[in-house]
Each structure stands twice: as structure tokens, then as C-alpha cells.
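Biologist: I am new to this structure. Could you show it to me and then take me through its features?
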Amino acid sequence: MLCPLCNGLQQLNERCPLCGHELEDEGRTSDWSGPYAPYTPDAVPLESGLSSSEAVCTHIAYCASCDYWCELSIATEATFR
Ligand SMILES: [Zn+2]
Ligand SMILES: [Zn+2]
């Protein structure tokens, strides 16, 4: 499956639920498994309406305005067909 964000085909188009600032894509959650990852599982994932982990690429999103971290489920190309 092809994630449009991972492949640079699409910009992250989500806004911070707290302040409305544009969220920055910080990469896939699988890339944040190291001991220095600032992300903690305590953050509440955004509901995107996508439930299947097979069809999404989970990214970490960061709001530079209010220092908010969250997970975003990005639909992969397979779901567009
Ligand atoms: Zn991705
Ligand atoms: Zn914010």
C-alpha cells in the first residue's frame, strides 16, 4: 500500500483540535519507536473514521503552536481504488 504522505504525494491537511493551527507531519508511528521519541501513547488519537489498520498509515502529527501531539490515520492508496 502506498501512503500519500510517506511518498510526498500529499500534504498533511489536518488542523490542531485545540488551537486550529496546521499540524506538521512528523512521520509514521513506526518510525517513532525509539527511546527518544517525544510522542507518548497518552495522547488521544484523532478520529478519522477509518478503523482498519490495513488501509491506513498512522502518522504522528505535531502542533508547533501549542505543543500538541497526536496520531493521524492516513488513508493509503489502496482505499482510493
Ligand atoms: Zn505514511
Ligand atoms: Zn495547537
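Modeller: The structure holds one aromatic pair, where rings of Phe, Tyr and Trp (its six-membered ring) pair if their centres lie within 6.5 Å. This is a predicted model, in which local features need pLDDT of at least 70, side-chain atom pairs count only at pLDDT 80 or more, and totals for chains, interfaces and linings use all residues. Residues are numbered from 1 along each chain as its sequence is written, chains are lettered from A and ligands numbered from 1 in the order in which they are written, and side-chain values use heavy atoms, with hydrogens and water left out.

Biologist: Which rings have their centres 4.3 Å apart, and why is the pair called tilted?

Modeller: They are the rings of Tyr62 and Trp69; their planes are at 35°, so the pair is tilted. Planes under 30 degrees apart count as stacked, over 60 as edge-to-face and the rest as tilted.

Biologist: Are Tyr62 and Trp69 buried or exposed?

Modeller: Both Tyr62 and Trp69 are buried. Buried means under 20% relative accessible area, exposed over 50%, and partly exposed in between (1.4 Å probe, protein chains only).

Biologist: Which residue has Tyr62 as its bridge partner in S2?

Modeller: That residue is Glu24. Three bridges join S1 to S2, and the two run antiparallel. Strands (E, at least two residues) are DSSP runs numbered from the N terminus, and two of them pair if DSSP finds at least two bridges between them.

Biologist: In what order do the three strands form the sheet?

Modeller: The order is S1-S2-S3, in an open sheet with antiparallel pairing. S1 and S3 are the edge strands, each pairing on one side only.

Biologist: Now the metals. Which residues coordinate the zinc ion (ligand 2)?

Modeller: Cys16, Cys19, Cys63 and Cys66 coordinate the zinc ion (ligand 2) through their SG atoms, at 2.3 Å. Donors are N, O and S atoms within 2.8 Å of the metal (3.2 Å for Na, K and Ca).

Biologist: Why does the pair Cys19 and Cys66 tie together parts of the chain?

Modeller: Cys19 lies in the segment before strand S1 (24-28) and Cys66 in the loop between strand S2 (56-63) and strand S3 (68-75), so the pair ties together parts that are 47 residues apart in sequence. Cys19 is partly exposed at 40% relative accessibility, and Cys66 is also partly exposed, at 33%.

Biologist: What coordinates the zinc ion (ligand 1)?

Modeller: The zinc ion (ligand 1) is coordinated by Cys3 (SG), Cys6 (SG), Cys57 (SG) and His59 (NE2), at 2.0 to 2.3 Å. Cys3 is buried, with a relative accessible area of 5%, whereas Cys6 is partly exposed, at 40%.

Key
Helix = DSSP H or I, 4+ residues; strand = E, 2+ residues; numbered from the N terminus.
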